Amino acid sequence: MQVTSLMAYDSIKNSLGNKQKIVLEAIFKLGEATNRDIKNHLGWDINSITPRVKELREMKLVTEAKTDNDKTTGRLSIYWRVTKPEDNLLKIIKI
């Protein structure tokens, strides 16, 4: 992870709701993660994860990293990643 990515992440995490922040931090720590990965990491119900990921996507804080087979189920899944500064993260810090 680049230093600029860490700085941008630190500067926006205080402007999020508590659950959004927790989910964003989980994705940040996991690097690339499916909703199921985030669920397993946090120990939350999937119905708490999916809406938070959607909100973070709408804020352009999370973006699709890839579509690949889920490690657990083998089903095609979307892997999410925290948006990097070069993907305009710095422009939305002032949410």
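**Helix packing around α3**

Modeller: N35, R36, I38, K39 and L42 of α3 meet I46, I49, T50 and V53 of α4, where contact means heavy atoms within 4.5 Å. By class, this contact has five nonpolar, two polar and two charged residues. Ala, Val, Leu, Ile, Met, Phe, Trp, Tyr, Cys and Pro count as nonpolar, Asp, Glu, Lys and Arg as charged, and the others, Gly among them, as polar.

Colleague: What kind of model is this?

Modeller: The model is predicted, with local features needing pLDDT of at least 70 and side-chain atom pairs pLDDT 80 or more, while totals for chains, interfaces and linings use all residues. Residues are numbered from 1 along each chain as its sequence is written, and side-chain values use heavy atoms, leaving out hydrogens and water.

Colleague: At what angle do α3 and α4 pack?

Modeller: Helix α3 (residues 35-42) and helix α4 (residues 46-58) pack at about 125°, with axes 9 Å apart. Helices are DSSP runs of H or I, at least four residues, numbered from the N terminus. Axes are lines fitted to C-alpha atoms over the stretch in contact, and angles run from 0 to 180 degrees between N-to-C directions. That angle makes α3 oblique to α4: under 35 degrees counts as roughly parallel, over 145 as roughly antiparallel, 65 to 115 as roughly perpendicular and the rest as oblique.

Colleague: And how do α2 and α3 pack?

Modeller: Helix α2 (residues 18-30) packs with α3 at about 105°, their axes 10 Å apart. That makes α2 roughly perpendicular to α3. Among the residues in contact are I22 and L30 of α2 and H41 of α3.

How values were computed. Helix = DSSP H or I, 4+ residues; strand = E, 2+ residues; numbered from the N terminus.
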